[in-house]
Amino acid sequence: MCDFKQRDYACGHRRWLAFRHCAEYIRTRRRNCATNVLEFEERPNDICGECKSCQQLSRAPWMSSFMSGLKLHH
């Protein structure tokens, strides 16, 4: 069984970080075993990397002019 840490972010996303893989995963690089969460971590002041990327993209100087140029068809 692979061992994981569960990390909960302020944005509501949850991530599982492997910190020890089972022998089958090491041999095959395929995980077919059950997820074994041994640690729980809350990050109440952090957002996940995916949300950080979205925030950075939305603050890009070219994004507002790009978005205003889009015409949405319904």
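A: Happy to. Let's start with Arg-7, which is buried, with a relative accessible area of 14%; buried means under 20% relative accessible area, exposed over 50% and partly exposed in between, using a 1.4 Å probe and protein chains only. This is a predicted model, so local features need pLDDT of at least 70 and side-chain atom pairs count only at pLDDT 80 or more, while totals for chains, interfaces and linings use all residues. Residues are numbered from 1 along each chain as its sequence is written, and side-chain values use heavy atoms, with hydrogens and water left out.

Arg-7 belongs to strand β1. Strands here are DSSP runs of E with at least two residues, helices are runs of H or I with at least four, and both are numbered from the N terminus. The side chain of Arg-7 makes a polar contact of 3.1 Å with the side chain of Glu-41, and another of 3.4 Å joins it to the side chain of Tyr-9. A polar contact is a pair of N or O atoms within 3.5 Å; within protein, one must be able to donate a hydrogen and the other to accept it, and residues adjacent in sequence count only if both atoms are side-chain atoms. Setting aside neighbours within four places in sequence, Arg-7 is in contact (heavy atoms within 4.5 Å) with His-13, Arg-14, Arg-15, Leu-17, Glu-41 and Arg-43.

Asp-3 is also found in β1, and it is buried too, with a relative accessible area of 3%. Beyond its neighbours within four places in sequence, Asp-3 has contacts that include Leu-17, Phe-19, Asn-36 and Leu-38. For β1 as a whole, residues 2-9, six of the eight residues are buried.

Now to the partners of β1; two strands pair if DSSP finds at least two bridges between them. With β2 (residues 14-20), β1 pairs in the antiparallel sense over six bridges, and Lys-5 stands opposite Leu-17 there. These two strands form a hairpin with four residues between them, and Gly-12 in the turn has a positive phi of about 100 degrees. With β3 (residues 35-43), β1 pairs in the parallel sense over eight bridges. On that side, the bridge partner of Cys-2 is Thr-35, and Phe-4 stands opposite Val-37.

Together the three strands make an open sheet in the order β2-β1-β3, with mixed pairing. Because β2 and β3 stand at the edges with a single partner strand each, one side of each is left without a neighbour in the sheet. On average, neighbouring strands of this sheet are turned by 30 degrees against each other, direction ignored; the axes are lines fitted to C-alpha atoms, for helices over the stretch in contact, and angles run from 0 to 180 degrees between N-to-C directions.

Stepping back, the protein has three helices and three strands, following the pattern β-β-α-β-α-α along the sequence. Of its 74 residues, 16% count as buried.
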